[in-house]
Amino acid sequence: MTTSETTTHTYPLDAWQIVEDRFDLESNVLDETIFAQANGYIGLRGAHEEGFDLPPGRSIDGAFLNGFFEAEPIVYPETAYGFARTKQFMLNVPNAKRITLEFDGERFALTTGEIKAYTRTLDLRTGLVTRAIDWVSPRGHRVTIHSRRLVSLSRKHVFAVQYAVTSVDFTGTVRLTSTIEGRVKNIEAGDDPRVGSTITAPPLVLQAIEAGDAVQALTHRTRNSGFSLVSAISHAVTGGRTPRHAILQDSEAQRVGLVVEAELHRGETITLTKVGAYVTSRDVPVEALSARAQTEVVSARSVGFDHLAGEQAERLAAFWADADIAVDGDEALQQGIRFNLFHLLQSVGRDGRTNIAAKGLTGEGYEGHYFWDTEIYIFPVFLFTQPEIARRLLEYRYSILPFARQRARQMGHPSGALFPWRTIAGEECSAYFPAGSAQYHINADIAYAIKLYDEVSGDSSFLREAGAEIVMDTARIWLGLGRFVDRLGGQFGIFEVTGPDEYTACVNNNFYTNAMAQMHLAFAADVAERLERDHPEDFARIAAALDLGLDEPMRWREAAQRMYLPVDEALGIHPQDDSFLDKPVWDFAGTPRGHYPLLLHYHPLVIYRHRVLKQADVVLALMLLSDKFTLAQKKRDYDYYEPLTTHDSSLSSCIYSIIGSEIGYHDQAYAFFLETARMDLDNKHGNTPFGAHLAAMAGAWLSLVYGFGGLRSQSGQLRFAPYLPGHWTHYRFSVRAQDRRLDVNVDASGVTYRLRSGATLTLMHHDRSVTLTAEQPEQFIAD
């Protein structure tokens, strides 16, 4: 459901490209999200290099660095013990991509003159955004502009722009001005907390300007978080007659760069290649920042743009070889799926110290915070396609484990670790505890990802080096949060928590939380037993670090075995919590369409008093813990909860699609998949202009691979139950598991499993065992 009037832009269907064939001022902010580029560290919104003077609200330019943030105190009119005290927010850093163009004093702008032809293309195979513009100035001068931009996937700190201007009928002076613009600001959140930040003072303070002939740079320091940043650029110019260079420096405007003037005659071209770099004190000592930034830009400039583009294409070819999904029968979905996978790769941190934000590196929504989205939605995509990146995401959680321990103490737990609901550097940043700190399931979500990684990846070292410590220390929290309840026949209940459905808060025995806690506690006990048996030295080290009691694993197992997971006798369903079924059903028929999402139009208490869901809750547990529930039980729960779900969260549709596939509701599953697969390309939730929905992008992969493909991992064995959606003639996907690469091809005749690399693999196709070997790597199973 959308917020209100929704901006859209129809992009021509192309399996590997997103093409904008006209400049549309109305959809420009949306286009800036769609054409955003990133490399897991640098993110550049798809604003035009020239920075046209546009009406308010028609552009939200931005450059972001994953993990680079400012911090400010959270101000509460009324406070209480244990409230989160500090907010962290991703910064809009200096704009180093700016290039302006003038002809004898006339400045090029798409909002003036006449656009004869216009094309902008994001190529998902090359990673380049290219523009081709044929423009006539107000005075009648005609030129063409061809530009290419990339954010390097091979060079963490580098981006580059190649900007070529050709005269069609103009003879005169051309001026190209390439700058770093240091006076930037974050957008204000306003009434929608999903959009941006609330900032009391400019967060970046200028420290130095470097205006050398070869490299120009600005050095800034954050006001509160104490980070330093160098933004640097370097240039190469070819073509034009008698080119003249001058260094531009303006301390007041926080601007530095290069001005190039040259004479241009008909048919002649001048080309400016600009290389930029961002280097921060999170990666490099402060005293070495300037030198490192200069090294990065000079090195990249020396190899040239074509070489950088070749590196980019090579990196993406390797990615697509493992991650591509091919669909025959729906061009729009094919485009959407690849677009989503591309943005996931662009946005994910891969250094073990950063994660992936809810909006990735495409916008400032949710302040650049990391959530549970990573482990439950995004992590599986990388685990099955790029397991090296999946491990880095888990390493990030280990890096903030000390903060999780501090948070547990603040929340009254004498031992154990409680991960923050939303954060960048590890501190809890959620100012609204009913939908933040109360979501204790974050601990189990992370444990689930570690368990899945341990089963699927074939990498046994992570559990010993980091994973076991996370799993066991976070498991301790459940025994402090719940207890064995006499009224429940001695079963273990968990109190005052919020599940994934944020339209219900601070309840007892949220089913998702209890079910995931059961998994977590049992896994923690298994890990302790396994390490003590197979790796006693590692176990002794971890147990000493945790001051682990001898009886703790036994107590975890007992709580897991006696976990309270009721089924309502009358309805035959799992109640979402102890009180959910007693509430009145929300008046869906009487709610205007414009009043969705409900959170923007009704007080939280009004929503909490009703039977209404923002997103999948019980149904999500059915998907994650699939082998714990019968098909009949899944159907009853789905039938009950789906009509009560608004799907106001972008995380919802994909889960209902997956379970819909499993229980045979193929039409509904496909409809939910459609909602997910093109959520951002079609701006289905109305807020894509503020950034893409990265978890929903991952949800498209989950809907197809987990849903239509039926993939589950059960104790490390891959199980498939594929079917062909009625609109399609064929689809193909690949997975990596235990150092093996497997291709799965589905068409109307049946399914082909092909072992592309690795040792013998035995999988399950429905209830049939299939073994693939190097000698017989392929098997076809007729439908």
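**View 1. Ala117 stands opposite Asp134 in β10.** This is a predicted model, where local features need pLDDT of at least 70, side-chain atom pairs count only at pLDDT 80 or more, and totals for chains, interfaces and linings use all residues. Residues are numbered from 1 along each chain as its sequence is written, and side-chain values use heavy atoms, with hydrogens and water left out. Strands here are DSSP runs of E with at least two residues, helices are runs of H or I with at least four, and both are numbered from the N terminus. Two strands pair if DSSP finds at least two bridges between them. β9 and strand β10 (residues 129-136) run antiparallel, joined by eight bridges. Together β9 and β10 make a hairpin with five residues between them, and Gly127 in the turn has a positive phi of about 75°. β9 (residues 114-123) also pairs with strand β1 (residues 17-20), antiparallel again, over four bridges. Look for Glu20 here: its bridge partner in β9 is Arg120.

**View 2. Five strands line up as β8-β7-β13-β18-β17 in an open, antiparallel sheet.** At the edges sit β8 (106-107) and β17 (241-250), each pairing on one side only. Further in, ten bridges tie strand β13 (residues 172-181) to strand β18 (residues 255-264), and these two run antiparallel. Val174 has Ala262 of β18 opposite.

**View 3. Another open sheet of five strands runs β20-β25-β26-β27-β30, with antiparallel pairing.** Its edge strands, β20 (326-328) and β30 (778-782), each pair on one side only. From one strand to the next, the twist averages 15°. Zoom in on β26 (residues 740-747) and β27 (residues 750-757), an antiparallel pair with seven bridges. Asp747 finds its bridge partner in β27 at Gly750.

**View 4. Helices α10 (residues 511-534) and α11 (residues 536-546) pack at about 130°, with their axes 5 Å apart.** That angle makes α10 oblique to α11: angles under 35 degrees count as roughly parallel, over 145 as roughly antiparallel, 65 to 115 as roughly perpendicular and the rest as oblique. Axes are lines fitted to C-alpha atoms, for helices over the stretch in contact, and angles run from 0 to 180 degrees between N-to-C directions. On the α10 side, Ala528, Leu531, Glu532, Arg533 and Asp534 make the contact, and they meet Pro536, Phe539 and Ile542 of α11 (contact means heavy atoms within 4.5 Å). The residues of this contact split into five nonpolar, no polar and three charged. Ala, Val, Leu, Ile, Met, Phe, Trp, Tyr, Cys and Pro count as nonpolar, Asp, Glu, Lys and Arg as charged, and the others, Gly among them, as polar.

**View 5. The second largest pocket holds about 1,100 Å³ of space.** A pocket is an open set of points on a 1 Å grid over the protein atoms alone, with protein on both sides within 12 Å along at least five of seven lines; a cavity is a set where a 1.4 Å probe fits but cannot get out, and lining residues have an atom within 4 Å of a point. Grid points are joined across faces, edges and corners, and a volume is the space filled by probe spheres set on the points. Of the 41 lining residues, Leu625, Ser626, Asp627, Arg712 and Gln714 are the closest to the pocket's centre. α10 gives the largest share of the lining, six residues. By class, the lining has 20 nonpolar, eleven polar and ten charged residues.

**View 6. The largest cavity holds about 60 Å³ of space.** Its lining includes Tyr41, Phe68, Lys156, Arg282 and Asp351.
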